[in-house]
Amino acid sequence: MINRIKKAAVLGAGVMGAKIAAHLANAGIEVRLLDIAPRELTADEQAKGLSLHHRDVRNRIARLGLESAKNAQPAAFFTPETAQLITLGNFEDDLPALADADWIIEAVVENLEVKQGLLKKVDHYRRPYAMVTSNTSGLPLQSIAVGLSEDFRRHWLGTHFFNPPRYMNLLEIIPTPETLPEVTQFLTHFCDYTLGKGVVLAKDSPNFIANRIGTLGAMQTIKIMMEDGFTIEEVDKIFGPALGRPKSAVFRTFDLAGLDTFTNVVKNLYQNSPLDEKRDLFIIPPFIEKMVANRWLGDKTGQGFYKKEKIKGVGTQILSLDYNTLEYRPQQKPELAELDAVKNIEDPRERIRALVFEHQNTRVGQFVWKILSEVLVYTANRVPEIADDIVSIDNAMKWGFNWEYGVFETWDALGVPQVVKRLQAEGKKEIPPIVQKLLDSKKKSFYQARKSKRAYFDFYSAEYRPMAAAPGVTILADLKSRNKVVKSNDSASLIDLGDDVAGLEFHSKMNAIGGETLEMMRDALAEVDARFAGLVIGNQGENFCVGANIMLLLMEAGQQNWSGIDMAAKAFQDLNMALRYSPKPVVVAPFGMTFGGGCEITLHGSRVQMAAETYIGLVEVGVGLIPAGGGTKELLLRTVDLSPKGENVDLFPHVKRTFETIGMAKVATSALEARKLGFLRETDGLSMNKARLIEDAKQAVLAMVRMGYKPGRPRTDVPVLGESALSALKLGIHLMQRAGYISEHDAHIGRKLAYILTGGDLSQPTKVSEQYLLDLEREAFLSLAGEPKTQERIMYMLQNGKPLRN
């Protein structure tokens with residue numbers, strides 16, 4: 001059996017195939033991307049005098065797929081350079097090259113005969129033990145592999161990625177009865193650790209787990225929307241964040257995924273589920289068939305349920321589809337009093353419960369119940385058809401559709417006995433077997449808290465089984481429930497992670513940095529120095545840290561409390577320096593949005609363990625400021641340390657690059673790009689799976705301890721270039737302003753930044769201390785904070801969530 005994957009092949013360079021290849025490349029795997037060889041020349045190929053035998057022509061389909069992945073938004077690749085790991089080819093010339101592939105992924109058109117024909121050829125060329133998987137969204141896997149060799153069938157299974165593969169957490173792995181257990185186990189481990197996926201094992205049933213339940217929910221939503229006269233906007237308002245669903249809700253999700261993709265999934269379910277009790281629901285409504293015929297497929301064709309239209313003198317306007325007339329009209333803001341009544345309930349589960357029971361006789365309450373009750377009953381009836389346990393089903397819905405809570409968690413939120421009582425009162429006497437088993441065993445919920453650990457109801461034994469944490473995954477909420485909190489306030493907590501390592505968790509709104517955060521950072525360093533071997537700074541919220549609380553800064557500036565602002569900035573600088581030179585190792589574990597002060601904390605860790613999906617940058621110039629928590633100093637220091645050494649080395653290009661990174665508020669959109677911009681060092685670590693980030697960071701701390709960690713000392717030898725470099729940067733700023741690329745205020749901020757990076761008022765190159773640069777940072781920050789234009793920018797950011805463009 002293969003015990004590692006170095007080379008892979010993806011067969012089919014369509015939207016999914018090319019993006020799967022891209023994500024394999026993101027993980028450092030060499031990929032061969034193949035598709036059909038064209039049968040006709042394009043006009044451009046004819047003009048170049050090429051023939052059908054030319055290699056460029058024969059690989060055209062694969063090349064177009066790769067180019068599409070390169071241009072995809074959001075980006076399919078971590079960096080543009082990552083695409084170099086992909087080699088192109090075609091099915092006629094390059095199938096023999098599959099002999100060196102450890103993993104072959106089939107991602108061609110959803111046609112059984114096409115898949116069977118291609119895989120018969122693959123079986124001839126693949127080497128023994130090589131894994132072959134299909135990305136089919138629902139075709140029976142056993143049927144696809146009929147007639148293929150025994151070794152093929154033993155190494156054959158489904159791997160259903162969700163679009164876009166880089167960003168969607170869920171990966172459904174579907175073994176067949178003939179798949180070797182060790183193959184399933186290895187691929188599950190590999191996709192978890194190396195590809196960063198939340199893996200769920202599904203049965204070989206139509207549309208597997210997530211698409212089976214998601215399709216039922218979507219079709220029931222459309223049905224009730226049409227029956228009860230709801231608009232597109234109303235449905236998306238109801239089934240969005242208000243009910244613990246993503247902002248894209250229902251119809252925006254269709255536009256993102258593509259209406260053609262959705263209708264194919266629905267038709268596949270109808271064709272392959274003749275005994276499904278809801279089969280008649282899986283018939284596409286005529287208005288959607290008309291949309292597909294019109295090529296109103298969503299974002300890929302420029303219009304779907306929503307459409308952007310440029311109006312002269314107004315700008316871009318979003319239009320919504322009236323499904324009755326199939327005409328677009330200006331968006332209508334939904335007026336839904338029931339949602340307003342529950343909007344202050346913080347827990348989505350309580351909001352759902354309030355809508356279903358307290359507002360059950362209202363228009364919205366009835367709408368929610370008619371859809372939700374069908375989803376609850378249908379999903380419960382699918383156990384054990386689609387999965388053996390309820391946890392897999394709930395995880396599939398949370399990871400595949402970004403639901404905050406799974407279906408069985410929603411049963412519990414509403415109360416199983418209460419839901420059953422209402423169903424029976426409405427004449428629905430057939431209760432799903434798993435629900436009846438639960439109630440017959442005198443239990444009232446599918447999940448149960450047991451001595452600070454969760455257990456789930458097992459269908460087969462009718463007993464609760466413990467939900468064991470996956471090896472290598474630390475869940476901070478579990479540690480907190482087991483009284484592992486050392487210290488805590490409203491913004492941060494210090495937690496005992498075990499093995500003599502502490503964890504500092506931020507939990508303020510958006511994990512913004514305020515006074516209490518700084519207080520806990522100070523306490524954490526003292527506690528670690530006295531009691532622990534090292535510290536991890538990380539959390540498991542939506543983002544690591546969006547930066548400082550700029551509302552507090554605006555309030556202090558409004559009161560002209562300049563000494564208070566200076567003291568706060570100095571305190572943050574001192575704490576970051578304390579992190580850098582802590583006697584015990586400090587590993588920072590950023591993920592998601594890591595901006596401003598969050599980036600500065602990251603830069604000052606002894607080491608960083610960064611999630612692959614991290615969006616990090618020093619973005620302060622966007623609100624008229626410069627980084628003043630040590631970020632400007634630290635990025636300069638890293639730049640000059642990595643520069644070539646010697647008396648005749650010109651450091652200016654390197655300093656200029658640092659100026660551009662900060663001055664243009666560049667944000668890395670992956671950990672690999674963060675390494676290019678200097679936010680991540682070669683010695684720092686990268687975690688593909690965010691769920692493993694805290695544990696990976698903890699292991700990094702322990703490794704540093706084992707290696708005999710010794711802290712450094714504050715630097716006094718940082719080279720700065722003085723007046724000549726400052727003049728050069730000022731000239732560049734002047735030319736940018738003169739060309740209309742930046743405003744006068746942008747130029748003013750740029751000059752302040754240039755002053756710091758070149759060492760301030762120095763006539764010639766010299767060496768300065770870190771503290772010298774920190775003082776320059778703070779001085780510039782304080783002067784900018786007092787300017788009306790900066791305060792205007794801060795206010796705009798607070799009101800609009802984006803920087804003001806002058």
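Which radius of gyration does the protein chain have, and what would a compact globule with 806 residues have? The model is predicted, and its protein chain has a radius of gyration of 29 Å. For 806 residues, a compact globule would be near 28 Å, so the value agrees with that of a globule.

Of the 806 residues, 53% count as buried, a residue being buried when its relative accessible area is under 20%.

Next comes the surface. The accessible area of the protein chain is about 35800 Å², and carbon and sulfur atoms contribute 52% of that. As for charge, there are 98 positive and 98 negative side chains. The centres of these two sets lie 1 Å apart.

The last stop is helix α18, which covers residues 407-414. Seven of its eight residues are buried, and therefore the helix is largely enclosed by the rest of the structure. The buried residues are V407, F408, E409, T410, W411, A413 and L414. After α18 comes G415, where phi is positive, near 95°.

Definitions and conventions. Residues are numbered from 1 along each chain as its sequence is written. This is a predicted model: local features need pLDDT of at least 70, side-chain atom pairs count only at pLDDT 80 or more; totals for chains, interfaces and linings use all residues. Side-chain values use heavy atoms; hydrogens and water are left out. The radius of gyration is taken over C-alpha atoms; the globule rule is 2.2 Å times the number of residues to the power 0.38. Buried means under 20% relative accessible area, exposed over 50%, partly exposed in between (1.4 Å probe, protein chains only). Accessible areas come from the Shrake-Rupley method with a 1.4 Å probe; for residues, only the protein chains shown count as cover. Lys and Arg count as positive and Asp and Glu as negative; His and the chain ends are not counted. The place of a charge is taken as NZ of Lys, CZ of Arg, CG of Asp or CD of Glu. Helices (H or I, at least four residues) and strands (E, at least two) are DSSP runs, numbered from the N terminus.
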